[in-house]
Amino acid sequence: VVGDSKQMPPSNFFNTSADMDDDSEDESITDFESILDLCSTSFPQRRLKWHYRSRYEQLISFSNKNFYDNDLITFPSAKGDARGVGVDYYYVDGTFDRQSKTNLKEAERVVELVFENIEQYPTRSLGVVAFSVAQQTLIEKLIAKRRQNDPSKEPFFKSDRAEPFFVKNLETVQGDERDVILFSVRYGPDARGNVAMNFGPLNQDGGRRRLHVAISRSRKSM
């Protein structure tokens, strides 16, 4: 039986997500016991140590330290840190809207980065991971509007590509990988400047595994 217990087990997310608020503290996403959990009580365990996905060690170093006890065998790249390689951080002076549960400025910046990446790295596959369904939906709408206004990049969005473009959320991205992942955190100060210490599924049981899944999807750049 092969799998990764540090990633997400089966959950009731799709049974609850239609009715629940992304940031609700009353509703909870339940992770069910997986076949890995059951087998681990009876079978001896061996860890598969090679990490194949990340072409730059920076992309896996956080997960290696915090989830795998620095036990993964990684392969350092000969290329040093640069824009478009490893992890890049973009600060957005956005506002978290508590009513819509979205951050419009951040979503707009993500869309800009999508088209900048298509322009600069047309051969790289690309995906967007949002912290929530609401932010995912907003990003999808803004991308659709941009595509209508600027159809020149339409070949990149064809569904028959080997690795088609996607916009997903924390619960639906497990198993995917792309050359470049754009990660939309969404949370931040609200209109009054307050930052709530509630980060949706990340605050709940299993939040660590959801974070781990989300930040380990890229091969070249995040």
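Reply: What follows goes through the core and then the sheet. The model is predicted.

The largest nonpolar core has 19 residues. Those with the most contacts inside this core are Val114, Leu126, Val128, Ile139, Ile143, Phe165 and Leu182. Four elements each supply at least two of the core residues: helix H4 (104-120), strand E1 (126-130), helix H5 (133-149) and strand E3 (178-184). H4 gives the most, with seven residues. As a general rule, nonpolar side chains in soluble globular proteins tend to be buried together.

Leu126 shows what such contacts involve. Leaving aside residues up to four places away in sequence, Leu126 touches Val114, Asn117, Ile118, Phe156, Pro164, Phe165, Phe166, Arg178, Val180 and Leu182.

Four strands form an open sheet in the order E2-E1-E3-E4, and their pairing is parallel. Strand E2 (166-169) and strand E4 (218-221) are at the edges, each with a single partner strand, so one side of each has no neighbour in the sheet. On average, neighbouring strands are turned by 45° against each other, direction ignored. E1 and E2 run parallel and are joined by four bridges. Within this pair, Gly127 stands opposite Phe166 in E2. Phe166 is also one of the residues that Leu126 touches.

Technical notes. Residues numbered from 1 in each chain as written. Predicted model: local features only at pLDDT ≥ 70, side-chain atom pairs only at ≥ 80, totals over all residues. Heavy atoms only, no water. Core = buried A, V, L, I, M, F, W, Y, C linked by side-chain atoms within 4.5 Å. Buried < 20%, exposed > 50% of the residue type's maximum accessible area, 1.4 Å probe, protein only. Contact = heavy atoms within 4.5 Å. Pairing = 2+ DSSP bridges. Axes fitted to C-alpha atoms, helices over the stretch in contact; angles between N-to-C directions.
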